[in-house]
Amino acid sequence: CDRLLVRFGREILGIIPGAGRKKGFLGFGRDMFTIIVTDQRLIFAHQTSEMMKANTLRAKEQAKGQGRGFFGQMGAMMGANTGGEYFAMQPQDILREQPLNFFIYNNQVNRIKIKFEMDDESAHSEHNMEIKTGAGETKLVFTALDEKSARALLRQAVGAALK
């Protein structure tokens, strides 16, 4: 099955969880996405609050079933929404999962910028990602991002378009 994915240009290279796209009045609301990076496109899988709660509950129950105590269960819950389940899915199935899911072809990306920002007064920090294509731009916010890993993964997909 892995060979089939590669043969048809749908190899999943990796996953970047925790992307938020601002929405609503003054942009205070957020639609959450997991970015599935493939050899052909960046797939943005919308994460509903129900999905995230179910992932967290499932992780807790699995940890409990493995005999882990309170801290083991808490650790499992904290790592529950990493998007690992997408490795077992076909890209077309990921795209059909939620109505807000979308994709950008890697060869249509003109530029991706990732910038870390910190407000010294409030000690609030976040990473901002801006993806520019000929059709427009997509802006995302991450409260937690492994920037080094994300850059390495995106470089595989979009090459020099990553700035």
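Is Tyr105 buried, partly exposed or exposed? In this predicted model, Tyr105 has a relative accessible area of 36%, and it therefore counts as partly exposed.

On one side of the pairing scheme stands strand β1 (residues 12–23), which runs antiparallel to β2 and is joined to it by nine bridges; Lys22, for example, has Arg30 in β2 as its bridge partner. Strand β2 also pairs with strand β3 (residues 41–47), again in an antiparallel arrangement, this time through six bridges, and here Ile36 has Ile43 in β3 as its bridge partner. Between β2 and β3 there are two residues, and the two strands form a hairpin. As a general point for reading such strands, the side chains of a regular strand alternate between the two faces of the sheet.

The aromatic residues come next. A pair of aromatic rings is described by two values, the distance of the centres and the angle of the planes. Across the whole structure, a search finds three aromatic pairs. Phe33 and Phe102 are both buried. Together with Phe44, these two residues form one aromatic cluster.

Another edge-to-face pair is made by Phe103 and Tyr105, with 4.9 Å between the ring centres and 80° between the planes. Phe103 has a relative accessibility of 32% and so counts as partly exposed, and Tyr105, at 36%, is partly exposed as well. The ring of Phe103 has a charged neighbour too, because Arg41 lies over its face at 4.8 Å from the ring centre, while Phe103 itself is partly exposed.

At the surface, a nonpolar patch is formed by Phe70, Phe71 and Met74, which together have about 380 Å² of accessible area. Phe70 is found in helix α3, which spans residues 70–78. With a relative accessible area of 56%, above the 50% cut-off, Phe70 is therefore classed as exposed.

The last theme is charge. Side chains of opposite charge can pair when their charged atoms come close. The structure holds eight salt bridges, and one of these joins Asp31 to Lys23, with the closest N and O atoms 3.3 Å apart. Asp31 has a relative accessibility of 13% and so counts as buried, whereas Lys23, at 41%, is partly exposed.

Elsewhere, Lys132 takes part in two salt bridges that can be followed in turn: with Glu130 the N to O distance is 4.0 Å, and with Glu137 it is 3.5 Å. Glu130 is buried, with a relative accessible area of 18%, while Lys132, at 28%, and Glu137, at 39%, are partly exposed. These residues are part of a network of salt bridges that links Arg111, Glu130, Lys132, Glu137 and Lys139.

How values were computed: Residues numbered from 1 in each chain as written. Predicted model: local features only at pLDDT ≥ 70, side-chain atom pairs only at ≥ 80, totals over all residues. Heavy atoms only, no water. Pairing = 2+ DSSP bridges. Helix = DSSP H or I, 4+ residues; strand = E, 2+ residues; numbered from the N terminus. Phe/Tyr/Trp six-rings, centres within 6.5 Å; stacked < 30°, edge-to-face > 60°. Buried < 20%, exposed > 50% of the residue type's maximum accessible area, 1.4 Å probe, protein only. Lys NZ or Arg CZ within 6 Å of the ring centre and 35° of its normal. Patch = residues over 30% accessible without salt bridge, like charges linked within 9 Å, V, L, I, M, F, W, Y side chains within 5 Å. Areas by Shrake-Rupley, 256 points an atom, 1.4 Å probe, with all protein chains shown as cover. Salt bridge = Lys/Arg side-chain N within 4 Å of Asp/Glu carboxyl O.
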